[in-house]
Amino acid sequence: MTHYEFDLIVVGAGAAGLMASIHAAERGKSVLLIERNRKPGVKILMSGGTRCNITHACSNREIVEAFGPNGKFLHSALAKFGVQQVIEFFEAEGVETKVEDTGKIFPVSDKAIDVLEALLNRLRRAGVKLSLCESVLELDRTETGTFLIKTDLRTVEAPKLLLCSGGKSFPGCGTRGDGYAWAEHFGHRIIPTHPALVPVTVQEKWIPDLKGLTIPDVSVRVMENGKALSHRRASFLFAHFGLSGPAPMDVSKAIVKHSTPSQLHIELDFLPDENEQLVEETLKQRSLSDGKKQLLNILPDQLPRRLHELVLQLAQLPLDRKASGLSKEDRRKIVVQLKRMQLQVRGTLGYEKAEVTTGGVSLDEVDSRTMQSKLVPGLYFAGEILDLDGPIGGYNFQSAWSTGWLAGGSI
Ligand SMILES: Cc1cc2nc3c(=O)[nH]c(=O)nc-3n(C[C@H](O)[C@H](O)[C@H](O)COP(=O)(O)OP(=O)(O)OC[C@H]3O[C@@H](n4cnc5c(N)ncnc54)[C@H](O)[C@@H]3O)c2cc1C
């Protein structure tokens with residue numbers, strides 16, 4: 001029998017590739033992990049604003065649900081390595097974790113580097129050979145069913161191959177979608193890809209004036225002809241180009257997948273816990289009790305002053321007007337801006353700034369119990385290369401850890 005230097009070659013040292021390599025090597029496999037970057041885990045380091053939102057405090061079933069119809073593919077992976085196992089994995093390596101109010105789980109240190117170091121320590125102990133600054137260029141299969149991996153440095157052969165090369169988003173991180181062409185070469189179908197979890201651009205000229213304004217709880221809707229295509233309530237950030245932060249990014253998929261995004265509107269509700277009647281009634285009361293104050297000073301206290309100014313400008317009401325003169329019609333105009341502010345969509349910032357890629361290797365052709373290709377024995381997939389993308393909140397890493405762990409354990 002031919003002896004190969006490595007039982008398994010893993011392409012891509014991101015979340016999925018690192019986890020898969022660790023698990024395979026701990027089970028006695030000799031593993032070569034190839035990464036084009038100078039450093040492994042670049043996205044881990046930049047994730048969650050360099051704090052790394054490792055996973056989400058919820059049940060495995062809720063993780064499945066967060067991924068929509070494709071989420072059921074994750075059942076087996078989560079059963080083997082779910083939210084609890086991920087927490088235990090990192091805590092065993094000395095990374096204490098905490099749950100924030102939003103349910104997001106971070107290292108207590110707020111340092112993504114601690115998460116990466118934990119993985120790298122375990123990778124070393126497991127004896128994985130990590131090769132950095134090496135780009136995989138081409139893959140092939142020999143007549144005996146082994147794999148030939150051609151890189152910019154050499155050609156290596158191994159009986160098993162795991163593709164963890166990620167998606168196309170943030171191409172500056174090394175993720176340029178190379179894996180899709182390889183998967184297609186092996187006969188796999190690729191579900192068309194789009195950027196997802198991406199900041200949204202809008203047409204309003206005043207947007208740059210609001211740059212940097214964050215509001216913790218906003219309900220964001222993507223609207224087409226009065227119908228909501230997507231909806232999310234979470235924190236929100238005005239950026240110089242448009243809208244960023246969890247709520248706009250979570251609804252961005254509906255924009256990216258639309259044939260003419262400029263036909264869409266974003267509708268913003270800055271007071272999602274109050275109905276319009278209540279907001280109007282409160283304004284009426286305050287205009288009576290604080291009639292001598294300027295209009296600007298009777299708007300909801302929980303919202304920032306820069307937003308108050310914007311609301312009055314869009315309602316075409318002078319900022320310095322006395323509250324006592326507020327007519328019913330003017331009240332309505334203010335309520336509309338607070339509860340249903342309309343922005344005209346331009347598009348998104350695209351792959352350059354997308355946190356994930358939607359689409360990818362079709363799940364129909366991958367065995368969810370092992371992550372092995374149903375078409376090519378010995379070929380495996382894990383992580384974002386698959387047609388899986390979840391919302392903001394640690395779901396995408398959870399999917400990468402789980403599918404990686406399962407693949408590493410099945411090989
Ligand atoms: C700015 C940002 C913040 C994020 N924050 C979070 C967060 O807080 N929580 C969360 O759950 N998710 C977050 N995500 C999403 C998360 O990073 C991804 O879902 C996750 O990294 C996917 O893991 P992966 O291992 O499948 O792919 P990746 O992490 O993308 O790793 C793929 C690796 O393959 C390598 N590679 C590709 N092609 C080749 C080749 N030809 N040769 C050699 N190597 C190659 C790449 O260089 C890369 O290192 C964030 C993403 C971004 C961009």
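In this predicted model, F81 counts as buried at a relative accessibility of 3%, where buried means under 20% relative accessible area, exposed over 50% and partly exposed in between, with a 1.4 Å probe and protein chains only. W405 is likewise buried, its relative accessible area being 13%. Local features were taken at pLDDT of at least 70 and side-chain atom pairs only at pLDDT 80 or more, while totals for chains, interfaces and linings use all residues. Residues are numbered from 1 along each chain as its sequence is written, and side-chain values rest on heavy atoms, with hydrogens and water left out.

A pair of aromatic rings is described by the distance of the centres and the angle of the planes. Rings of Phe, Tyr and Trp (for Trp, the six-membered ring) pair if their centres lie within 6.5 Å, and planes under 30 degrees apart count as stacked, over 60 as edge-to-face and the rest as tilted. By this rule the count is 10 aromatic pairs. One of them is the stacked pair of F81 and W405, with 4.4 Å from centre to centre and 10 degrees between the planes. Because F81 lies in the loop between α4 (75-80) and α5 (83-92) and W405 in helix α12 (residues 395-410), this pair ties together parts that are 324 residues apart in sequence. Helices (H or I, at least four residues) and strands (E, at least two) are DSSP runs numbered from the N terminus. F81 and W405 also belong to one aromatic cluster with F89, F90, F397 and W401.

The ring centres of F147 and F186 are 5.8 Å apart and their planes stand at 85 degrees, so this pair is edge-to-face. It links distant parts of the chain, with F147 in strand β8 (residues 147-151) and F186 in the loop between α7 (178-185) and β11 (190-196), 39 residues apart. Both F147 and F186 are buried.

Strand β3 is joined to the antiparallel strand β5 (residues 104-107) by 2 bridges, and T55 stands opposite I105 in β5.

For the protein chain as a whole, the secondary structure comes to 12 helices and 19 strands. Buried residues make up 55% of its 411 residues, and the C-alpha trace spans about 90 × 45 × 35 Å along its principal axes.

How values were computed: Pairing = 2+ DSSP bridges.
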